[in-house]
Amino acid sequence: MRLTPKAWPPGLRASLPLLLPTAAIGVSFGILAAPVLGAIPSIVMSLIVWSGAAQFGALSILISGGGTTLAAGTGLLANTRFLPMGFAIAPSMTGGPLRRLLTGALLTDASLIIGHREGGRFDISALAWAAPAQSLGWVGGTAAGVLGATAIGEPTRWGIDVLFPVFYLSLLLPELFPGRLKGSERPRNSRPIIVAALGGAIALVLTPLAPPGVPVLAAVAAALIGLRAPRHQVARPATGDHA
Amino acid sequence: MKTWLLIIVLAVGTVLMKTIGPVLAGGRQPPAPVTRVIALIAPALISALIMVSTFTDGQRLVIDARAAGLAIGAILLWFRAPAVLAMLVAAIVCALLRLAT
């Protein structure tokens, strides 16, 4: 079998644009973490914690003189968003508890976004296949940073950090404006737009007030708008999902 | 020793938070209101991540080169440019602005 990109699983292909930016952030982490945690622990941390939010959160506490307990608490708080994310993907999963456990462990921000489909469904295969490139980039980048890849300087100077919001936006916009960007004929639905605006606002307003991680977690509350039945109950499209 | 403990606590805690939902609620179709909420979690979360990764530095709100990059990227995406092109142009704009300031 020829390994042309077309033959690769869709989730893997979708995750490749993130390899470089993930590695670049990993380099930043490695450069910052090595003097504080040591070389090997920094790399192992990226391998088994595998979360920029938690790792940068914990590291910034240690750097600013905080203790290990506070660092652990901050890191975990930064990752509490995975709780609602896990419950969001759960209904789309198949297989026994062990299989669901192993697949659930592959959840990241980017894989949730890559696996995300219309109507709250998730392509679990795409979600899982988004994992390898992210892990490779993250651990590889961390190792390069630890080993002193200072030749390229602080990688964020190169505009690499802006790749993340633009990538996320490329996956959010078709969800908000399916008519324009996907050619979908689903009925117009302004709710995702309202929820996205509200979620973004919550995150920004809380940033100066709450510890890192809390603003993004709190933004998820905007989705609670969905508890109310839509006011204008439009006829479901014939091909729609049976939710 | 403390360092390894911190790493293990973070690793175990993160995996727990990722997997509690899949293990407890996997494969079951929840009631309609819950389904509607789940469908809206992604837009809320993605939007929050975009805002936080563009307009914050630590706990401060900032408008810097990233905002310009995101704006250019958004315009390109709106006119149906491929994601990779939008990302590339955004990064170049961002880097040039940083060089200039």
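Predicted model: local features only at pLDDT ≥ 70, side-chain atom pairs only at ≥ 80, totals over all residues.

Colleague: What are the ipTM and pTM scores?

Modeller: The ipTM is 0.86 and the pTM is 0.75.

Colleague: And chain B, what is its mean pLDDT?

Modeller: Chain B averages 91. 100% of its residues reach 70 or more.

Colleague: Where in chain B is confidence lowest, and where is it highest?

Modeller: Lowest in H2(B), with a mean of 87. Highest in helix H3 of chain B, residues 65-78, at 96.

Colleague: Now the folds. How many helices and strands in chain A?

Modeller: Chain A has 14 helices and zero strands.

Colleague: And how many in chain B?

Modeller: Four helices and two strands. Read from the N terminus, the order in chain B is α-α-β-β-α-α.

Colleague: Is chain B spread out or compact?

Modeller: Spread out. Its radius of gyration is 19 Å, while the globule rule gives 13 Å for 101 residues, so chain B is more spread out than a compact globule. Its C-alpha atoms fill a box of roughly 50 × 45 × 25 Å along the principal axes.

Colleague: What share of chain B is buried?

Modeller: Buried residues are 45% of the 101 in chain B. For chain A, the figure is 49% of 243 residues.

Colleague: What about the largest nonpolar core, how many residues does it have?

Modeller: It has 101 residues. Those with the most contacts inside it are Ile89(A), Leu127(A), Ile41(B), Ala44(B), Leu45(B) and Ala48(B).

Colleague: Which helix supplies the largest share of that core?

Modeller: Helix H2 of chain B, residues 32-55, with 15 residues.

Colleague: Different spot. Which residues of H7(A) are buried?

Modeller: Arg100(A), Thr103(A) and Gly104(A) are buried in that helix, which runs over residues 97-104. They cover an arc of only 95° around the axis, so they sit on the same side of H7(A).

Colleague: What do the buried residues of H7(A) pack against?

Modeller: Helix H6 (82-89) and helix H9 (124-129) of chain A, together with helix H1 (2-25) of chain B.

Colleague: Let's look at Thr80(A). Where is it found?

Modeller: In the loop between helix H5 (68-78) and H6 of chain A.

Colleague: Is Thr80(A) buried or exposed?

Modeller: Buried. The cut-off is 20 or more other C-beta atoms within 10 Å, and Thr80(A) counts as buried because it has 20 C-beta neighbours inside 10 Å.

Colleague: What does Thr80(A) touch?

Modeller: Gly213(A), Leu217(A) and Met17(B), not counting residues up to four places away in sequence. As for Gly199(A), it is 119 residues from Thr80(A) in sequence and 16 Å away in space, C-alpha to C-alpha.

Colleague: Last topic, backbone angles. What is phi of Trp50(A)?

Modeller: Near 50°, a positive value in a residue other than glycine. Most residues other than glycine have a negative phi. Trp50(A) lies in the loop between helix H3 (39-48) and helix H4 (52-63) of chain A. Trp50(A) counts as buried, with 22 C-beta neighbours inside 10 Å.

Colleague: And what is phi of Arg80(B)?

Modeller: Near 65°, again positive in a residue other than glycine. Arg80(B) is in the loop between H3 and helix H4 (83-100) of chain B.

Colleague: Is Arg80(B) buried or exposed?

Modeller: Exposed. Arg80(B) has 11 other C-beta atoms within 10 Å.

Conventions
Residues numbered from 1 in each chain as written. Chains lettered and ligands numbered in written order. Core = buried A, V, L, I, M, F, W, Y, C linked by C-beta atoms within 7 Å. Buried ≥ 20, exposed ≤ 12 C-beta atoms within 10 Å, placed from the backbone. pLDDT = per-residue confidence, 0-100. Arc of directions from axis to C-beta. Contact = placed C-beta atoms within 7 Å. Rg over C-alpha atoms; globule rule 2.2 N^0.38 Å.
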